[in-house]
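Work through the exercises below with the structure open. Try each task before you read its solution.

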Amino acid sequence: MKIVCAAFFGVVILASCSSETGNNGAGVIGAKDSVAHSDSAHLFILPAPLQVATFLRTHEASIQIPYLADKSIAATNYNTDYQRALNLGINITDVGYAALYNNRQLALDYLARTEELVKALRIEPAVSPYMERIRRNIENQDSLSYLLLTLYDDVQNNLNQAKREKTAFYVASGCYLESLAITLQHNNLKTKPQFIRLVAQEKMWLDNLAESITYLEPDEESQDLFNTFFTLQDCYKDIPVKVENNLPSCTYTPEAFIRLRDKSIQLRNAIVANS
């Protein structure tokens, strides 16, 4: 089974167009769900690492540091590449968010943790040239955006070329989970039409991830991540999403929004704390 993460815009997964996929309703990747042995291509659209952060910077003037992941936990706390890759995705997202708000020191703190995770994943030679360039350009948003996206792309390419497709997918999943957790903590934006559209789009990205994971060879780690997606999808059941004129939208009650927000934070924090 082979996965290729296309730079910034999607995940290309080689899988049979005729195979059955989908959620079996029980939160388990079973024979019906898994199509890991098939051999043609599917394209799943996922957010770019800076896409959500750029939206939030446009609509929220002040940085919200408490919304970000705990950066105090050392990379040595993670014992598997699964844990390291999810946290690398989370950290790349937080570097971008902090930098877009011109919080240089916070961005550098998350970058240092990102570097630790890169080393732990044994991909340092491929991406280390970007680290110093990111430090030098931490206050130049145009250059920084390019460098962060290139860093993310090179992480994906290096892992895929090394036949570590699952690890590449886990990095992309960490980016999504952190973007969702940060987004939903912006309670002051939740009645704005553009924000409501973003919440709907996040559901569509979630569905893409939940489907695409069924194209991976099932194991304990992919099952754990599938359960995370399944849990979030269950929270979204009370937030109906529709698409009209190619624009997603949704409706939610305060209770449904809080349930999804709190669960996304809980799941993100559990990944970071390795609990």
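**Exercise 1. Which residues does Thr231 touch, leaving out those up to four places away in sequence?**

Step 1. Take contact as heavy atoms within 4.5 Å. Thr231 then touches Lys263 and Leu267.
Step 2. Compare sequence and space. Thr231 and Lys263 are 32 residues apart in sequence, and their C-alpha atoms are 8.2 Å apart.
Step 3. Thr231 lies in helix 8 (220–236). Helices here are DSSP runs of H or I with at least four residues, strands are runs of E with at least two, and both are numbered from the N terminus.
Step 4. Classify Thr231. Its relative accessible area is 27%, so it is partly exposed. Buried means under 20%, exposed over 50%, and partly exposed in between, with a 1.4 Å probe and protein chains only.

A note on the source: this is a predicted model, where local features need pLDDT of at least 70, side-chain atom pairs count only at pLDDT 80 or more, and totals for chains, interfaces and linings use all residues. Residues are numbered from 1 along each chain as its sequence is written, and side-chain values use heavy atoms, without hydrogens and water.

**Exercise 2. Which residues of helix 1 are buried?**

Step 1. Go to residues 51–59, which form helix 1. Its buried residues are Val52, Ala53, Phe55 and Leu56.
Step 2. Check their directions. They cover an arc of only 160° around the axis, so they sit on the same side of helix 1. The arc is taken from the directions from the helix axis to the C-beta atoms.
Step 3. Find the cover. It includes helix 2 (81–100), helix 6 (165–184) and helix 7 (193–212).

**Exercise 3. What span should helix 7 have, at 1.5 Å a residue?**

Step 1. Multiply 1.5 Å by one less than the number of residues. Helix 7 has 20 residues, so it should span 28 Å.
Step 2. Compare. The end C-alpha atoms of helix 7 are 29 Å apart, which agrees.
Step 3. Look inward. Among the buried residues of helix 7 are Phe195, Trp205 and Leu209.

**Exercise 4. Where does Asn246 lie, and is it buried or exposed?**

Step 1. Locate Asn246. It is in the loop between strand 4 (241–244) and strand 5 (247–250).
Step 2. Read its accessibility. At 73%, Asn246 counts as exposed.
Step 3. Check phi. Asn246 has a positive phi of about 65°, although it is not a glycine. Most residues other than glycine have a negative phi.
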